[in-house]
Amino acid sequence: MSLSVFDLFKIGVGPSSSHTVGPMWAAYRFLDELRQAGVFAQTKEVKAALFGSLAMTGQGHATDTAVLLGLMGERPDLTDPDQIQQRIEQLRQSQTLQLGGEHSIPFDEASHLQFMFGQSLPKHPNAMQLRAFDEAGIQLYQQTYYSVGGGFVLSEPETENAGDDRLRRDDDVPYPFRNAAELLQQCKTHGLSIAALVMENEKTWRSPEQYRTEVLQIWQVMDACIRRGCRETGVLPGGLNLKRRAAKLYTELTERPEAGFKDQLTVMDWVNLYAMAVNEENAAGGRVVTAPTNGAAGVIPAVLAYYDRFVPHSNEQGIITFLTVAAAIGMLYKRNASISAAEVGCQGEIGVACSMAAGALCAAMGGSNEQIENAAEIGMEHNLGLTCDPIKGLVQVPCIERNTMGAIKAINAARLALRGTGEHHVSLDSVIETMRQTGVDMQDKYKETATGGLAVNVVNC
């Protein structure tokens, strides 16, 4: 398959791409499939069942809310985050679901939306089944979906066909690549930078002007998320009673700007702020960009904001280069390993985001293709084995601070690579394969199930 930049960067809502964005898309797709099967109007009852990680941490990740919104006909990229809670409360009080926003059906959440704790389906840890029935209780249609990370959703038939039929084939683009070695070779053969090669591939689906506009829109949503996160105060939802910290840090940094002249590392505080602001917004269910996931959504915006605000001579083209190269690196992980913490632990989220951001910053600062590959490799090499053990199943602890650490690591990785020639002992392809193997070996309790690590060793009340 050939991926687009906009497969890696999707506009959605928090707190999780695999547990919120993916399930909402799955439920939305289910409605389309009911219509295609000619049974939508006959549907008088819908039942949903969540398995594996979707069951174990689904309540903390608002998976139930996402499924309900999807069944109402809401899309993650278009739904209004400020209206979500009101709509869910109306459904729960009335016990009535507006299916696809078109007709009402009875909906008792306790019996119609089930968390199948301790049960998994074989093809992926994030699985859900949806079934539709007529007035007599006869099943009209059923489908199983897998939320495979980053908001990607595969139906059962698509997994049997070894991929999503709707994704592009390699021969659709002029410069296909399956791994980093092929990417570098294609660039060398055709005399292109990584960013230029990916943008040539994007011409298959959109004009250069449209690509530029859509990439800058991704940055605008990221930047707006940072700015809103710097304003909002209060306690994050979910029961941990975790106070937002970004607004206080922003005030401290802006009220005493002279302090930056005394401490040369103040720029780190700003990078921490950007990442924290995004992930507090994500934890609160705000609008974010999967980058490549929601749990790691703060790393790339934080590093890009660092480039935009602190790197001399930063410009709009540099922002486009940054996001294009970040996506190219993300494509390699998506294709050859995983970007799902439920599958490989947090190395597949924060680790991948760090790798993407490192290579992207290196590119935006003028690094060669070889230096970019080196930066991306450094970014992942030092995140290998990173577990996903969210306390109470919430994308808060350790997730928010982990994004700040991923952003700082990415900047350092880019700087290390820029100081080198691009030559290094461990290739990006080798570290991606190592990450995949490490994820396979990792125990399930460290894969977004909240049954190991910090999730059980820290009191969450």
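**Reading helix packing and nonpolar cores**

Mentor: Glu433 is found in helix α20 (residues 428-441); helices here are DSSP runs of H or I with at least four residues, numbered from the N terminus. This is a predicted model, in which local features need pLDDT of at least 70, side-chain atom pairs count only at pLDDT 80 or more, and totals for chains, interfaces and linings use all residues. Residues are numbered from 1 along each chain as its sequence is written, and side-chain values use heavy atoms, with hydrogens and water left out.

Trainee: Is Glu433 buried, partly exposed or exposed?

Mentor: Buried means under 20% relative accessible area, exposed over 50%, and partly exposed in between (1.4 Å probe, protein chains only). Glu433 has a relative accessible area of 28% and is therefore partly exposed.

Trainee: At what angle do α14 and α19 pack?

Mentor: Axes are lines fitted to C-alpha atoms, for helices over the stretch in contact, and angles run from 0 to 180 degrees between N-to-C directions. Helix α14 (residues 299-310) packs against helix α19 (residues 399-418) at about 50 degrees, the axes being 8 Å apart.

Trainee: Which residues of α14 and α19 meet?

Mentor: Contact means heavy atoms within 4.5 Å. From α14, Val299, Ala302, Val303 and Tyr306 meet residues of α19 including Gly406, Ala410 and Arg415.

Trainee: Which residues touch the most other members of the largest nonpolar core?

Mentor: A nonpolar core is a set of buried Ala, Val, Leu, Ile, Met, Phe, Trp, Tyr and Cys residues joined through side-chain atoms within 4.5 Å. Among the 108 residues of the largest one, they are Phe9, Met222, Ile300, Phe322, Leu323 and Tyr333. Apart from it lies another core, of 35 residues, including Ala26 and Tyr145.

Key: Helix = DSSP H or I, 4+ residues; strand = E, 2+ residues; numbered from the N terminus.
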